[in-house]
Amino acid sequence: MLNTLESGLNQLGVNTVAKGTCASCNKPIVGKVVTALGRTWHPEHFVCSHCGQEIGTKGFYERDGRPFCHEDYHNLFAPRCAYCSGSILDKILTAMNKTWHPAHFFCAQCGEVFGKEGHHEKDGKPYCAKDFFNMFAPKCGSCDRPVTANYLSALNSVWHPECFVCRDCRVSFESGSFFEMSGLPYCDRHYYERRGMLCEGCDKAISGRCVSALGRRFHPEHFVCAFCLKQLSNGVFVEKNDKPYCHGCLSKLSL
């Protein structure tokens, strides 16, 4: 009967010669044929390997010799954005061993997309330079701003070189020596001044023996009579108008 049908169709000018064998059902293809992946298919058998929908003449993607529709191919095999987990279909950015939509690779703190300056990474998150240093860089012991380049380490803190100066006069320590008080650096003059250890006579630091008198302190050699300017031996003096005098000069002044 089949031979009779084929003969009748041939007489009507309808070609019934098989166009190949379907790669899916392995049967001859007499009518419409789809040629793809180096094989032939019945149109209804050329389907997505994942969802089973007929591909027909629509575009498709190939993976390991199997056809996939556009949606399933990208859902199954396209790289995923580390931020939104969506498929990346166009431009792709690779950073931190992950893939990203370019618009989704931004600072974890401020949300700004990175420019030419690039990014810094901390605990698996990207940061712009400003936020990275503000959040994670050590802070200067003086100005409390981030220390990002050259620095000095002293007094259990780090310092910008230009910030490591006397707390009072703001002069740098050219000799490299300084004094510490309450975790802050001072030059010798202001250190002793804050401790009340400046000589009233010469206005210089007292680091050894001193004379305490009139509510002030003196180097022994600078505690002198206000009139004759001789050193007041053994700290013996007479006070008048808040000034020290030896007994002899005070007697003369009293005449």
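Arg-216 counts as partly exposed, at 22% relative accessibility; partly exposed stands between buried, under 20% relative accessible area, and exposed, over 50% (1.4 Å probe, protein chains only). The structure is a predicted model, in which local features need pLDDT of at least 70 and side-chain atom pairs count only at pLDDT 80 or more, while totals for chains, interfaces and linings use all residues. Residues are numbered from 1 along each chain as its sequence is written, and side-chain values use heavy atoms, with hydrogens and water left out.

Glu-200 is itself partly exposed, with a relative accessible area of 43%.

Arg-216 also forms a salt bridge with Asp-242, and here the closest N and O atoms are 3.1 Å apart. This pair links distant parts of the chain, 26 residues apart: Asp-242 is in the loop between strand E15 (238-240) and strand E16 (243-245), and Arg-216 is in strand E14. Asp-242 counts as partly exposed, at 43% relative accessibility.

Another salt bridge is formed by Asp-203 and Arg-189, whose closest N and O atoms are 3.0 Å apart. Arg-189 belongs to helix H4 (188-194), whereas Asp-203 is in the loop between helix H4 and strand E13 (211-213); the two are 14 residues apart, and the pair links distant parts of the chain. Asp-203 is partly exposed, with a relative accessible area of 43%, and Arg-189 is partly exposed, with a value of 28%.

Attention may now turn to Ser-87, which lies in the loop between helix H2 (70-77) and strand E5 (93-95). Is Ser-87 buried or exposed? At 17% relative accessibility, Ser-87 counts as buried. The side chain of Ser-87 has a polar atom 3.0 Å from the backbone oxygen of His-74. The side chains of Ser-87 and Arg-80 are joined by a polar contact of 3.5 Å. A polar contact is a pair of N or O atoms within 3.5 Å; within protein, one must be able to donate a hydrogen and the other to accept it, and residues adjacent in sequence count only if both atoms are side-chain atoms. Leaving aside neighbours within four places in sequence, Ser-87 is in contact (heavy atoms within 4.5 Å) with residues including Asn-75, Ala-78 and His-101.

Two further residues concern the backbone. Asn-26, although not a glycine, has a positive phi of about 65°. Asn-26 is placed in the loop between helix H1 (2-11) and strand E1 (34-36) and is exposed, with a relative accessible area of 62%. Asp-144 is not a glycine either, and has a positive phi of about 65°. Asp-144 is found in the loop between helix H3 (129-136) and strand E9 (152-154) and is exposed, with a relative accessible area of 53%.

Notes. Salt bridge = Lys/Arg side-chain N within 4 Å of Asp/Glu carboxyl O. Helix = DSSP H or I, 4+ residues; strand = E, 2+ residues; numbered from the N terminus.
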